[in-house]
Amino acid sequence: MTDTPEDLTIGQVATRTGLSIDTLRFYEREGILANPVRRNPAGRRVYAEHDIAWLNMCMILRGSGMPIPAIRHYTELARAGEGTERARLAILREHQSRIAAQIDQLHKCLDLIGYKVGVYEDYLAGTETESEAATEGETPATPRAQIESEAATETETEATTGTGTETTTPTTTATEAALPDTRTACGPPTP
């Protein structure tokens, strides 16, 4: 077998894919390459453009969390060719579902973090306003007083009929209602 102009060395493939030479060898051992790696007359590995396309797809699958055994199984089905399309589709749909769930979870985490960033920005803006007012001789409400005042306005007081007693029921703002339960949404709590 002679080298053709489109033949690529393992080093060229490593450069083009960003994978290390060791990783390429690992993928070969694990059976993740769509076609067996060819060898040139000197016994060196030789790759083609279609190998790079396949490796790029495998990198996306792996980078999105697909386990090596699932990629291997998908590769085996692809090698088997016609008649395995339903099984390949099932593997991809299962992975797609897993990714969608992860994205949903990350969006919940991002919403919570965005909310907390807003709380801290508001708090710090109040602290800066306090500092400016103090230099001008004014006595502003402290950020804690502002937060407590906001909490009080978020509590709805309902008068019960006939007894004259009142009960308070905390209300939930639209932003808070959209936020995930922080105890489970973004993983286990940290100390």
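1. Basis. Residues are numbered from 1 along each chain as its sequence is written, and side-chain values use heavy atoms, with hydrogens and water left out. As the model is predicted, local features need pLDDT of at least 70 and side-chain atom pairs count only at pLDDT 80 or more, while totals for chains, interfaces and linings use all residues.

2. Architecture. The protein has seven helices and four strands (DSSP runs numbered from the N terminus: helices H or I of at least four residues, strands E of at least two). Along the sequence they follow the pattern α-α-β-β-α-α-α-α-β-β-α.

3. Burial. Of the 191 residues, 22% count as buried (under 20% relative accessible area; exposed is over 50%, partly exposed in between; 1.4 Å probe, protein chains only).

4. Salt bridges. The whole structure holds nine salt bridges (a side-chain nitrogen of Lys or Arg within 4 Å of a carboxyl oxygen of Asp or Glu). One of them joins R39 and E28, at 3.9 Å from N to O. R39 belongs to strand β1 (residues 38–39) and E28 to helix α2 (residues 21–30), eleven residues apart.

5. Within a helix. R98 and E94 meet in a salt bridge at 3.2 Å, N to O. Both lie in helix α5 (residues 85–135), four residues apart, and are separated by about one helical turn.
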